[in-house]
Each structure stands twice: as structure tokens, then as C-alpha cells.
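Welcome! Have a look at the sequence and the 3D structure, and then let us walk through them together.

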Amino acid sequence: MQLPYFSPGTQFALGYILKGFAEDDFTDVVSSYEKYTNHYFFHPAFENEIPVPQSDIVNALSFLDNQNILISEETITRYCVDCFSLNVELTQKCPSCGSLDVLFGKTITHKCGYRDIEGAFGNPDKLICPRCKEGIYSIYSDCKIGDPTFVCRTCKSYFDVATPVYVCKDCNRIYKSGEEPYVRIKRYEPAPLLAAIKQDIMSTFLLLEALCSYLEKKGLDVRRNAILDQGEIITYWNALLLRKESKEKFALMALAPVFQLDEDMIDMLVNSKKAAKLDGLLVIYANALADAQPNSFTNERIYFVNPRQTKFDVESELVKTAAPLVG
Ligand SMILES: [Zn+2]
Ligand SMILES: [Zn+2]
Ligand SMILES: [Zn+2]
């Protein structure tokens, strides 16, 4: 799972959504996309809680869906913007005259020379040539059968490729295929995997809040959900801490246990910390670390605290794991 390529807004949204599901703030999320206005609507109304671009929320939801942490269900409803009818159907348009009276089928050329689509010869059991009115007893001996094609009933032209259009059956407005208005509703709910890591997500964010309050009380400036724009690189931090006297800058990151601490993740942590010019970073991560990792992180002043192994005695926890950072 690759966090490194997520925008800061997507990281913000990911944490918010995971925390919301884990703490039962919501049991499902509905994202409605309105094609005509090119706008998303979310329920719950994330826009008020997370001030990030809509695309970041969409990315976060699709990521969680792709990772089987959420399950989604999608419905698409086409409608007419003129009369709001839902009675909008896909049909074919004649490329020569624009008529919608287009049929598709095998062409039959009768021995008298009349050519039309199979359906124009009437009942399949009792075919009759519409021009010479002769009954056709054997289609194979009386006619030449051509490949399936489109035929326009209005201008009688034949064509292999018709133009798909959507037509409103109520007001006859025609929409080019691809331009038909629709609302796409996607409903997300927790998958079993989310239930399995629910406790870890809850304790991750609980510890984050406990650390923030503790450090606030100790006189540090605490900025929650900070997006740092350092020119080229923009980074997101669950909390940014500033020690007023020394002007040292630290950050807290709540790394949801849906992410693996692989090489990409390690690079991301180290590079983001550098880009944000942080003096230190404390990562809250409810997973065991491989033995080799803590030392290399310590050199970078990146420390880990595992909420599974803490009694939420924040002071002793900090002394044990991140004394050089916040002590
Ligand atoms: Zn035509
Ligand atoms: Zn005929
Ligand atoms: Zn209409």
C-alpha cells in the first residue's frame, strides 16, 4: 500500500474517514457525482470537516475500496436536464439524416433487387418482399443475405457504425453519448478488514489526541491537521508542534495500520520530514516494527510509538520512545 504518492489532502481525508468509521461517527459514506455540474456531494458532509479538494476525498474513498477496507455499491441514473425525466434511453442515430428511426440486422436482397433489413420482410415464418409482394419460401434460394448492418428507416441509407445517442422519451431531447447527464451514487461501507483493525485505528487516534493535549499543556504550540506548503513539496501532518523557546518544530503522524512500513513508506517519512524542515517526527503506528528499522529512524530523529503497547500513560510513553524529541 503506497502512501507516498498520496496528496496531503488525500492523507488528511484517509485519516478522517478511517477514524470516523472506527469510532462509529458514521456507518456508511455516500458520494454522489453530478455529471452536469461536475460536482460531488458527500454524506456525511465532509466538505465542512476536511477542507481539501473533492478529488482528494474521492481518491481516499477509492483507495480504501481498492484495498478491501471498504465495500462499495454504485448506481448510475441518467436523467434529462430539460424536463428531469428519468426516461432516458440509449438509441442510435443515422449519420446521414440524423433520424433516430434506425434498425440493426442482416440485410436481405430479394431476387427482384429490393434490399432491406431482415425485419422489413415481415414475420420470419412468412417473409414477403415489400416491393414485389412475392412470398419468400426459401430465403437462401430467393435472396442474397448480407452481413448485419444498420439501416435508417427515414433516408434508407446503410451504415456499419451508427452514432449512439441518449434520447429523452418524454421531451425528445437528444444527448450525444458521453454527454448525457447522470448522477452516479456510490455508497461505501466497512469491509470485514476494517472491523479487524478497528481497535488499532481507534487507539492510534486516541493516542494522537492524548499526546497533543499533553504537549499543549507543556506549553508547545500544537496545530492539528497541518498542511505545510514548502514550495515544491506539500506535506500533511496530523499535528505540528512548535517549541516556542527553541523554535524547534516537530510533527506527530497517526499512521493507520492499513499501511505497511515498507521501503516506500520509509522513504516517504524521511523525505516528508526533510521537506517540512522538521527537527523530529513521532509516528503513531499500531504495528510491530522490524528490528533493523528503529536505529536508522533514530538517526533521522523519527520515533515510533505503538498504541498496542502503551498504557496511555503519555508521559512515561514519551520518555521511553521520544525523549530526545519532546522531553
Ligand atoms: Zn437517415
Ligand atoms: Zn421482390
Ligand atoms: Zn426531457
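This is a predicted model: local features need pLDDT of at least 70, side-chain atom pairs count only at pLDDT 80 or more; totals for chains, interfaces and linings use all residues.

N225 sits in strand β12, which covers residues 221–230. Helices and strands here are DSSP runs numbered from the N terminus, where a helix is H or I with at least four residues and a strand is E with at least two. Although N225 is not a glycine, its phi is positive, at about 50°.

Residues are numbered from 1 along each chain as its sequence is written, and chains are lettered from A and ligands numbered from 1 in the order in which they are written.

## The whole chain

Now step back and look at everything at once. The chain holds eight helices and 16 strands. Its C-alpha trace spans about 100 × 40 × 35 Å along the principal axes. The radius of gyration is 32 Å, whereas a compact globule of 327 residues would have one near 20 Å. That radius is taken over C-alpha atoms, and the globule rule is 2.2 Å times the number of residues to the power 0.38. Of the 327 residues, 30% count as buried.

How is the chain divided? There is domain 1 (3–75 + 188–326) and domain 2 (88–176), with bounds that come from an automatic or database domain assignment. The C-alpha centres of the two domains lie 61 Å apart. Among contacts between residues at least 6 apart in sequence, 63% join residues at least 24 apart; two residues are in contact if their C-beta atoms, placed from the backbone, lie within 7 Å.

## Helix α1 and its partners

Helix α1 (residues 8–22) packs against helix α3 (residues 54–66) at an angle of about 55°, and their axes are 8 Å apart. On the α1 side the contact is made by G9, T10, A13, L14 and I17, and on the α3 side by D56, I57, N59, A60, L61, F63 and L64. Axes are lines fitted to C-alpha atoms, for helices over the stretch in contact, and angles run from 0 to 180 degrees between N-to-C directions. The two helices are therefore oblique to each other. Angles under 35 degrees count as roughly parallel, over 145 as roughly antiparallel, 65 to 115 as roughly perpendicular and the rest as oblique.

What about α1 and helix α5 (residues 192–217)? They pack at an angle of about 110°, with axes 9 Å apart. That makes α1 roughly perpendicular to α5. Here L18, K19, F21 and A22 of α1 meet L194, K198, I201, M202 and F205 of α5.

## Two residues of α3

D56 belongs to helix α3 and counts as buried because it has 21 C-beta neighbours inside 10 Å. Leaving aside neighbours within four places in sequence, D56 is in contact with S7, G9, T10 and A13. D56 and L14 are 42 residues apart along the chain, and 8.9 Å separates their C-alpha atoms.

L61 is also found in helix α3, and with 23 C-beta neighbours inside 10 Å it counts as buried. Not counting residues up to four places away in sequence, L61 touches I17, V29, S31, L70 and Y188. From L61 to L14 is 47 residues in sequence and 7.5 Å in space, C-alpha to C-alpha.

## Spots in the loops

Which peptide bond is cis? The one from H43 to P44 is, with omega near 0°. P44 lies in the loop between β2 (39–43) and α2 (46–49).

K247 is in the loop between β13 (233–243) and β14 (248–255). K247 is not a glycine, yet its phi is positive, at about 60°. It counts as exposed because it has 8 C-beta neighbours inside 10 Å.

Terms used: A residue is buried if 20 or more other C-beta atoms lie within 10 Å of its own, exposed if 12 or fewer, and partly exposed in between; C-beta atoms are placed from the backbone.
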